[in-house]
Structure formats: structure tokens, C-alpha cells
Amino acid sequence: MKKNVLTTQIIAGKYKGKKVELPSLDVTRSSKARVKESFFNVLQFDIIDKIFIECFAGSGSIGLEAVSRDVKRSYFVEQDRHSYNTLVKNCKSIDMDKCQTMLGDTFEQTPAILNSLKNSSDELIVYIDPPFDFREGMEDIYEQSFKLVSNIENENIFMVTFEHVSTLEMPETLGFFKLDKTKQFGKTSLSYYTDSRNN
């Protein structure tokens, strides 16, 4: 008996309507379509030719949406092997040439990616969507995520966005970054941070 495969669709851009497979909901939680839509509506054309980094990538639906909307390249970091296999499959079905996938801990892989892009003339968009409530041993995941952003030294960050549980109080500043705005969608919110050095 074939088990049902959960999917979501690319909302817009050159791969609009293409299906993206979702991994087991036991380990990841897919970004809701309206959250995703709102995020890309905020960015609009600012996303073109940027480098996109999706931490806690799961199926990669955010980074692949970014690929569909003409980012130069998307980096994906995912720790769960099953989710990672799904991610790679999705990248292959969309545009593997624009995807760089990493299997491993976000808190190790993301700083390495940022460091490798430190002297790049490209601007970076970082999307951080920690698992809210599913995995054991994740209690301090937001603290670690805040620390990750606080330690960023790159001067080429266009924006850092957190997708988070709405009840969480987000810090006004994280290192060089300051909270620009938060938009709420029921239990989920998006908080946008920009580099205070650029203002």
C-alpha cells in the first residue's frame, strides 16, 4: 500500500504550481502558505539575485520558492536525514544548479556558510524557522538562534527573518541587527531584522 505523500506548491515565479514534497510532520512543520506568501510579498523584487539561506530547511519549500523568484542561489541546512533526502529530491525537481544542500546542525553549518560568503558582493537573506514544539532537546533552540544572529559579522546581510511561535517575545536587537517589524498569522509570526549599520 502506497502511503500518501504530503505536498505543497510553489506559489509564484518561474516554477509556479510545481509540487514540493513535504517530509514527515513528526520532524518538521511546513510553513503555512499564507505565511510564505506574506514573506515573499514583503521582499517582492528585492529577492532577485540575492543569496538565500534557509536554516532548519525541512523540505526546502521557502528556499525553493526563492529559487522560483530568481535568487542567485539558495543554501539549505537540515539535520534530519529523512527530511534532508526529501529536500534533495525537491531541489532536483526544481533547479539543482541553484541549490546547495547541507546535512548537519544549523548552528554549525550556517556560520560556515556566512563565513564563506563574507567577502562576496552578493547580499544575503537568512530565513530562520526553528521547530516550535516537535523535537526533544529543542527547548533552547530560540536562544541558540538569537545567538547565531548576534554573532553574524557579515556586512552583506540584506535581511534576517524569523518564523516563530507568536507568543515568543522577540529581542529588539541581536548583535548588529535590529527588529524592523513583526507580522502575526494566528499562532505563527514573522519577525524581520535589518542591519543597523546600514541605516
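Me: Why are α1 and α2 called oblique to each other?

Reply: Happy to start there! The axes of α1 (residues 33–43) and α2 cross at roughly 40° and come within 11 Å. Angles under 35 degrees count as roughly parallel, over 145 as roughly antiparallel, 65 to 115 as roughly perpendicular and the rest as oblique, so α1 and α2 are oblique. The axes are lines fitted to C-alpha atoms over the stretch in contact, with angles from 0 to 180 degrees between N-to-C directions. Helices (H or I, at least four residues) and strands (E, at least two) are DSSP runs, numbered from the N terminus.

A word on the source: this is a predicted model, where local features need pLDDT of at least 70 and side-chain atom pairs count only at pLDDT 80 or more, while totals for chains, interfaces and linings use all residues. Residues are numbered from 1 along each chain as its sequence is written, and side-chain values use heavy atoms, leaving out hydrogens and water.

Me: Which residues of α1 and α2 meet?

Reply: Lys36, Phe39 and Phe40 in α1 meet Ser61, Ile62, Glu65 and Ala66 in α2, where contact means heavy atoms within 4.5 Å.

Me: What makes the pair of Phe39 and Phe40 edge-to-face?

Reply: The planes of Phe39 and Phe40 are at 75°, and the centres are 4.9 Å apart. Rings of Phe, Tyr and Trp (its six-membered ring) pair if their centres lie within 6.5 Å; planes under 30 degrees apart count as stacked, over 60 as edge-to-face and the rest as tilted. Phe39 and Tyr127 are also edge-to-face, because their planes are at 70° with centres 4.8 Å apart. Phe39 lies in helix α1 and Tyr127 in strand β6 (residues 124–128), so this pair ties together parts 88 residues apart in sequence.

Me: Why does Phe39 count as buried?

Reply: Phe39 has 0% relative accessibility, so it counts as buried; the label means under 20% relative accessible area, with exposed over 50% and partly exposed in between (1.4 Å probe, protein chains only). Phe40, at 2%, is therefore buried as well.

Me: How do you know whether Asp70 is buried, partly exposed or exposed?

Reply: Asp70 has a relative accessible area of 32%, so Asp70 is partly exposed. This residue sits in the loop between α2 and β4 (73–78), and its phi is near 75°, a positive value in a residue other than glycine.
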